[in-house]
Each structure stands twice: as structure tokens, then as C-alpha cells.
Amino acid sequence: RPAAQAPRPQKLRQARLIFNPQSKGALEGTYRAEAIVGCLRAYGIDADLGLKTSGKIARRLAKEAVERELDLVIVAAGDCTIEDVVAELMSSKTSLGIIPLGTMNNVARSLGVPLDLEDACALLEMGLTRHIDVGRVISHDRPRGVYFLESAGVGLSALAAPLGQAAEKGRWEIFVAALGKLLAFKGTHVSVVCDDGEVLQAHTQIVTVSNAPLLGKNMLIAPDAKMDDGLLDVALYDGMGKAELERHFMAIAEGRRVDDP
């Protein structure tokens, strides 16, 4: 439906819009910030525009919205920016809205958010909210934890993620460094303690912890994962060498569901 024909409520809903000018949709010229603001207004939302120039700025913009007690923060960007913002919305009454402009848009796809601007704005106009799960990783260097919506990983998965991002964005120095670490990495013994006390033992090069079914280039890494089931899907790749792992993940990348006990 053209924006000019969309209903215009007398009272507009106030929201903060965080726009990433470096997202794929923005760089390709598919969407401009002004067009997004206009489309949101046509669907009853008065969006205060903030530009993301770094993850720190995105977090600050989201934090300001929470402090102003706005009930909606809309991210017009990709998955990385969404995860930056989510960290500041935790334990608040501010909801997250998504206008997918990224390369992968895994979060939007997993949640059923339309990839079309008009349709995404129409969904936001409905004002429906749903509670979703968020993962949290606590480590020695990050004692306060880091939140994630898609997946977290140990071993090769932690090395492969920056490798893929560097290749996608042409950051070849980072790509070469990550590739060297990936090729040199060897498996190790891992113990996973589940909530019910069960301990799983494995010798593996990779552990994935998935909140969403998709990862990377829309790879269906955790087909049964749901973002609102209260669970994280943990996968151990016990005894699999690099060649086996390559075949496994190549099959997923080619769109085939891989069932492996």
C-alpha cells in the first residue's frame, strides 16, 4: 500500500529511530533515512532520528530512549546493530522494532519481520509485541556479560564469524588473521553442564549455542531453534574433523537441512 494512502492517526506514536548509514540497504541507495522517517509517519509513528556511527553510539541512542521512557526503539539496520541496541533495552519497558536494512537480516527473518519497508512499517503500526529470548555470554574479560540474539560459539565458530564478516565487507587484513587462527585451531575436550545437572562430554572443534535458527548467510544452523521457547539449542560436534565439519556446514549453506545425532 503506498504511503500516501496509509491511515494517519491524529496522535502519532513517539519513537526513537536508529539508522545505520553503512548498512547494505543504505549504501545501495535502496532506503534513505528521510524516506524511512516519512514512511513511519504515514503509519502513525513520529520517529526521532539518530545515526549509528559506531556500536557505542547505537547503545547510547538506545539508552537515551529508555531514559526518556519511550516505549519503542526502531532499528533500521542489520543484525549487528540490533544486538547493540538490545543490550540497552534489557529490563526496560521499551520495545524493539526492526526495519531490516542489513546484509543477512537473520533476526528479522527468524522473527517474521517483513523485509519490505512499507510492510515493516505497517507491522509496527499494529503495535503488537512479543517476548523473545536473549542469550548472554559471561567471560573473564566480560564479567558483565554480552547479549546475543542469534548464536554464540566456542572454538571454530568463534573464529569463523569474524572470518565471514571480514570477507563480506572486504576487510582483508582481518580475514587473513582470522583464517590463520582457524587453520591452526585444533579440537579440545569440552564439558557442557545443562540446567538439569546433566554433563555432556565431547572432543570437538566447535560448540554452537543458538537462540535463532539462522546464522551467517541465512544458514539454517539450528532448524528447531525458536526465539520465544525459553531455550537455547546447544550443538556439540563430537569427533568431527575439519573436513567433516566443512561438509556439514556446506550442506547447510546450500539450503539442505542436516539431521545429525
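Visitor: Hi! Where is Asn105 found?
Guide: Asn105 sits in the loop between strand 4 (95–100) and helix 5 (106–111). Helices (H or I, at least four residues) and strands (E, at least two) are DSSP runs, numbered from the N terminus. This is a predicted model, where local features need pLDDT of at least 70, side-chain atom pairs count only at pLDDT 80 or more, and totals for chains, interfaces and linings use all residues. Residues are numbered from 1 along each chain as its sequence is written, and side-chain values use heavy atoms, with hydrogens and water left out.

Visitor: Thanks! Is Asn105 buried or exposed?
Guide: Asn105 counts as buried, because its relative accessibility is 8%. The cut-offs are under 20% relative accessible area for buried, over 50% for exposed, and partly exposed in between (1.4 Å probe, protein chains only).

Visitor: And which residues is Asn105 in contact with, leaving aside neighbours within four places in sequence?
Guide: Those are Ala77, Gly78, Asp79, Pro100 and Leu115. Contact here means heavy atoms within 4.5 Å.

Visitor: What is the phi of Asn105?
Guide: Asn105 has a positive phi of about 55 degrees, although it is not a glycine. Most residues other than glycine have a negative phi.

Visitor: Where does Ser91 lie, and what phi does Ser91 have?
Guide: Ser91 lies in the loop between helix 4 and strand 4. Ser91 is not a glycine, yet its phi is positive, at about 65 degrees. That positive phi comes just after helix 4.

Visitor: Is Ser91 buried or exposed?
Guide: Ser91 is exposed, because its relative accessible area is 83%.

Visitor: Since you mentioned helix 4, which of its residues are buried?
Guide: Helix 4 spans residues 79–89, and its buried residues are Asp79, Thr81, Ile82, Asp84, Val85, Val86 and Leu89. An α-helix has 3.6 residues a turn, so residues three or four places apart point the same way.

Visitor: What covers those buried residues of helix 4?
Guide: The cover includes strand 1 (13–19), helix 3, strand 3, strand 4 and helix 5.

Visitor: New topic! Where is Arg68?
Guide: Look at the loop between helix 3 (55–67) and strand 3 (72–77). Arg68 is partly exposed there, because its relative accessible area is 45%.

Visitor: Which residues does Arg68 contact beyond its neighbours within four places in sequence?
Guide: Arg68 is in contact with Arg16 and Asp48. The side chains of Arg68 and Asp48 are joined by a polar contact of 3.1 Å. A polar contact is a pair of N or O atoms within 3.5 Å; within protein, one must be able to donate a hydrogen and the other to accept it, and residues adjacent in sequence count only if both atoms are side-chain atoms.

Visitor: Which network is Arg68 linked in?
Guide: Arg68 belongs to a network of salt bridges, linked with Arg16, Asp48, Arg60 and Glu64. A salt bridge is a side-chain nitrogen of Lys or Arg within 4 Å of a carboxyl oxygen of Asp or Glu.

Visitor: How many salt bridges are in the whole structure?
Guide: A search finds 10. Among them, Arg130 and Asp228 meet through their side chains (2.9 Å, N to O). The pair links distant parts of the chain, 98 residues apart: Arg130 is in the loop between helix 6 and strand 5 (135–137), and Asp228 is in the loop between strand 12 (219–220) and strand 13 (233–236).

Visitor: Can you show me another one?
Guide: Arg41 forms a salt bridge with Asp46, whose closest N and O atoms are 2.9 Å apart. Arg41 is partly exposed, because its relative accessible area is 37%, and Asp46 is partly exposed because its value is 23%. Glu34 and Arg32 also form a salt bridge between their side chains (3.4 Å, N to O). Glu34 counts as exposed because its relative accessibility is 54%, and Arg32 is exposed because its relative accessible area is 52%.

Visitor: Last one: which residues form a nonpolar patch on the surface?
Guide: Leu123, Met126 and Leu128 do, with about 310 Å² of accessible area together. Patches are made of residues with over 30% relative accessible area and no salt bridge: like charges are joined within 9 Å, nonpolar side chains (Val, Leu, Ile, Met, Phe, Trp, Tyr) within 5 Å. Accessible areas come from the Shrake-Rupley method with a 1.4 Å probe; for residues, only the protein chains shown count as cover. Met126 is in helix 6 (residues 117–126) and counts as exposed because its relative accessibility is 53%.
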